[in-house]
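Visitor: Please walk me through the structure shown here. I would like to start with its charged pairs.

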Amino acid sequence: MTTETASPATIDIGIGGMTCASCVMRVEKALKKVPGVESATVNLATESARVQVSDPAMEARLRRAVRDAGYEPLAPSAAIDAVDVSPWAGFGPVGIGLALCAPLVVPMVGDVFGQDWMLPALWQFLLATPVQFILGARFYKAGWHALLARTGNMDLLVALGTSAGWALSMWLWLTAPDHSAHGGPAMAPHLYFESSAVVVTLVLLGKWLEARTKRQTTAAIRALHSLRPDTAHLLGRDGEVDVPVNEVLVGDRIVVKPGERFPVDGTLLEGRTQVDESMLTGEPLPVTKEVGVKLTGGSINGEGRVVLQVRAVGVDTVLSHIIRLVEDAQAAKAPIQRLVDQVSAVFVPVVLVIALGTLLAWSFTGHSFEVALIHAVAVLVIACPCALGLATPAAIMAGTGVAAKFGILIKDAQALEVAHTVNVVAFDKTGTLTVGQPRLTALVPVGLTEDEALRLAASLQSGSEHPLAHAVVTAAKTKTVEVQAPTDVQAVPGRGTEGVVAGRTLLLGSLRWMTELGVALEAVTVQAEQLQAEGATVSAMAERTQSGVTLLALLAFADEPKPGAKEALATLKARGIQTVMISGDNRGAAEAMAQRLGLDAKDVLAEVLPGDKAAKVAELKAGGKVVAMVGDGVNDAPALAAADVGMAMANPNGGGTDVAMHAAGITLMRGDPLLVAGALDISRRTVAKIRQNLFWAFAYNAAGIPLAALGYLSPVVAGAAMALSSVSVMTNALLLKRWNPD
């Protein structure tokens with residue numbers, strides 16, 4: 001008896017109330033403690049968690065764990081679906097705080113000009129207290145939950161620091177020997193109400209600015225979601241009926257009017273139109289669509305009214321796969337994030353120890369408790385793990401978002417981080433560097449007429465989807481040669497096709513296969529070598545009889561380089577990246593195409609069977625090379641998986657997209673080789689932003705905490721610096737939105 005193990009399920013949960021990297025660590029720990037959880041990844045920028053579980057029915061327990069940890073479980077896409085009514089949404093508490101703090105800050109300006117504008121202590125108390133305990137209630141609540149969980153976070157630091165400043169002010173005010181009932185300014189001691197109130201307000205301002213910039217990093221996902229129409233024009237017995245898109249079924253007929261978006265994936269049944277696929281592929285020019293071609297949901301219909309037959313709905317559509325890819329990439333953690341997680345785990349406890357050490361050091365060196373406490377407060381306030389928590393996810397979200405805009409879909413953060421180190425790019429030839437639509441350029445019959453040879457070859461290939469088979473069938477149609485349906489057709493991987501046509505057992509495939517079968521090729525050797533020297537791919541057709549396998553004809557095929565392929569290879573070489581072409585063609589044909597593409601003969605791997613491509617990639621990786629493999633077909637999947645970075649290039653039939661969902665880390669949504677250089681470039685720029693953000697986040701704390709401990713920073717300055725640190729990290733990441741692959 002065998003026991004089947006259920007495959008892990010993925011559950012996404014939105015999380016409200018996280019403020020820093022310490023919160024991320026805390027939620028992850030809480031989720032991982034739930035029985036049945038295999039892994040949990042929490043993302044501060046998307047405010048969500050992705051959990052791998054053994055039982056899909058345990059979402060309620062996961063939500064309870066999030067709530068018990070002190071955070072609010074939300075819908076998975078709550079941060080993305082939330083719509084701000086205006087750019088100033090959520091500014092209310094910040095505005096109130098600024099208004100209450102203004103009278104407290106004005107006397108500080110007066111000091112610069114030698115004026116004493118200090119408010120009475122009672123007025124300072126009345127202005128600062130609502131800021132401290134009403135506007136700042138969120139810090140107390142989150143900090144208290146952190147204490148209950150025996151962890152720390154940014155809210156705990158802010159709550160402790162500002163409460164200490166407020167309490168010190170109360171103590172100085174109430175214990176002053178010359179205190180009067182009205183707190184007369186002439187006798188009032190120096191208080192620190194303004195420091196605590198301003199710090200709370202500045203932190204609130206920083207969080208509001210951070211939320212605004214964070215909103216911009218999710219723009220790519222929101223734009224993709226907006227591509228899906230809510231209704232579809234269903235064509236039924238009673239004519240057109242508008243129905244919700246989620247009620248459309250595979251096989252239904254849908255009418256799409258000029259200017260509307262296609263609601264689902266389908267096949268064009270009636271009409272002819274131009275389709276704008278720019279949001280899916282990055283291609284700016286509309287694409288002509290004829291009857292029989294595939295249409296992708298989310299693209300925009302042009303000038304024609306068309307009818308399509310639905311072939312995919314819901315999560316099975318190309319658009320849903322694209323959205324899932326982008327969400328997966330933005331939810332994942334880059335390997336470099338491990339360092340941040342390790343630091344965040346001990347950050348707050350270390351800061352608390354440093355603050356206590358600051359308090360004791362200043363006290364033991366003869367300074368008053370008042371001075372010592374203010375310096376300790378500055379340490380608590382300036383230490384902010386927010387920037388650390390946002391440094392990596394913000395850059396990943398911005399980078400993957402802008403890449404998707406130009407048709408480059410990055411499947412996971414690891415592919416994004418590895419791609420910038422690639423120093424060898426291996427290209428599949430047919431369909432990747434070439435158009436992938438070869439033509440039959442020569443037919444050399446042996447022992448029969450040319451028309452008869454073409455009839456037999458086209459009949460045998462009529463049921464195949466291979467590009468060379470299409471070329472033979474197209475040539476037969478052009479000459480109006482009658483094509484018969486074959487029987488007992490069998491594909492021989494990497495070699496060719498065998499089948500029966502009109503009672504004759506025929507084989508059509510590579511010259512290598514013919515040699516293996518013992519076919520006598522001496523009579524056509526010279527012609528075959530001449531055709532190969534001209535860059536043609538040469539195949540042979542033979543007949544299997546009781547006496548053996550006999551040659552019937554030679555067939556020569558020619559393909560054309562893709563527009564931009566030569567330029568793409570030159571761009572990569574100019575960056576110091578080695579480019580390699582892998583082809584199943586004979587060496588002569590492969591080198592002839594390589595010459596047209598500007599490749600050196602040493603960079604051509606010819607006569608490689610589909611099953612051997614992965615081994616060739618492994619050979620390229622030997623010696624520490626970082627290899628990217630670019631392919632467009634299902635037979636490229638093993639090589640895509642074997643490479644350090646797999647790039648699946650979409651072809652007109654959509655094969656590249658299907659491959660990407662399984663084997664490739666990066667999908668190029670249109671068949672443009674120039675996108676390869678673009679993918680490597682956005683990887684390089686994104687990783688650069690991650691490193692810049694982490695450097696400044698670490699440098700900020702490394703410099704700020706000692707300066708505060710030594711007394712060079714006041715709590716107000718520390719609060720302003722802390723508020724700006726996370727905003728600066730987000731803003732730096734958003735600079736990636738200006739990237740263009742051209």
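**Salt bridges and packing**

Visitor: How many salt bridges does the count come to?

Guide: The count comes to 21 salt bridges, where a salt bridge is a side-chain nitrogen of Lys or Arg within 4 Å of a carboxyl oxygen of Asp or Glu. Please note that this is a predicted model, in which local features need pLDDT of at least 70 and side-chain atom pairs count only at pLDDT 80 or more, whereas totals for chains, interfaces and linings use all residues. Residues are numbered from 1 along each chain as its sequence is written, and side-chain values use heavy atoms, with hydrogens and water left out.

Visitor: Which residue does Arg305 pair with?

Guide: Its salt-bridge partner is Glu240, with the closest N and O atoms 2.7 Å apart. This pair links distant parts of the chain, 65 residues apart: Glu240 is in strand β6 (residues 239-244), and Arg305 is in the loop between β12 (300-301) and β13 (306-312). Helices (H or I, at least four residues) and strands (E, at least two) are DSSP runs, numbered from the N terminus.

Visitor: And what about Glu516?

Guide: Glu516 forms a salt bridge with Arg495, the closest N and O atoms lying 3.0 Å apart. Because Glu516 is in helix α19 (residues 511-516) and Arg495 is in the loop between β17 (487-492) and β18, the pair ties together parts 21 residues apart in sequence. Glu516 is partly exposed at 47% relative accessibility, and Arg495 is partly exposed at 27%. Here buried means under 20% relative accessible area, exposed means over 50%, and partly exposed lies in between (1.4 Å probe, protein chains only).

Visitor: How far apart in helix α26 are Arg685 and Asp681?

Guide: They are four residues apart in α26 (residues 674-709), which means a separation of about one helical turn. Arg685 is partly exposed at 38%, whereas Asp681 is buried at 9%.

Visitor: Changing topic: is helix α17 mostly covered or open?

Guide: Helix α17 is mostly covered, with nine of its twelve residues buried. Among these are Arg455, Leu456 and Gln461. The buried residues pack against β16 (439-445), α18 (467-478), β18 (496-501), β19 (504-510), β20 (537-545) and β21 (548-558). Helix α17 covers residues 450-461 and reaches 16 Å from first C-alpha to last, close to the expected 16 Å; the expected span is 1.5 Å times one less than the number of residues.

Visitor: Is Asp428 buried or exposed?

Guide: Asp428, found in strand β15 (residues 424-428), is buried at 7% relative accessible area. Its side chain makes a polar contact with that of Lys613 at 2.8 Å; such a contact is a pair of N or O atoms within 3.5 Å, where within protein one must be able to donate a hydrogen and the other to accept it, and residues adjacent in sequence count only if both atoms are side-chain atoms.

Visitor: Where is Asp585?

Guide: Asp585 lies in the loop between β22 (578-582) and α22 (587-597), and it is buried at 12%. Gly535 is 50 residues from Asp585 in sequence and 9.7 Å from it in space, C-alpha to C-alpha.

Visitor: How many helices and strands are there in the protein chain?

Guide: The protein chain has 27 helices and 26 strands. Of its 742 residues, 52% are buried.

Technical notes. Contact = heavy atoms within 4.5 Å.
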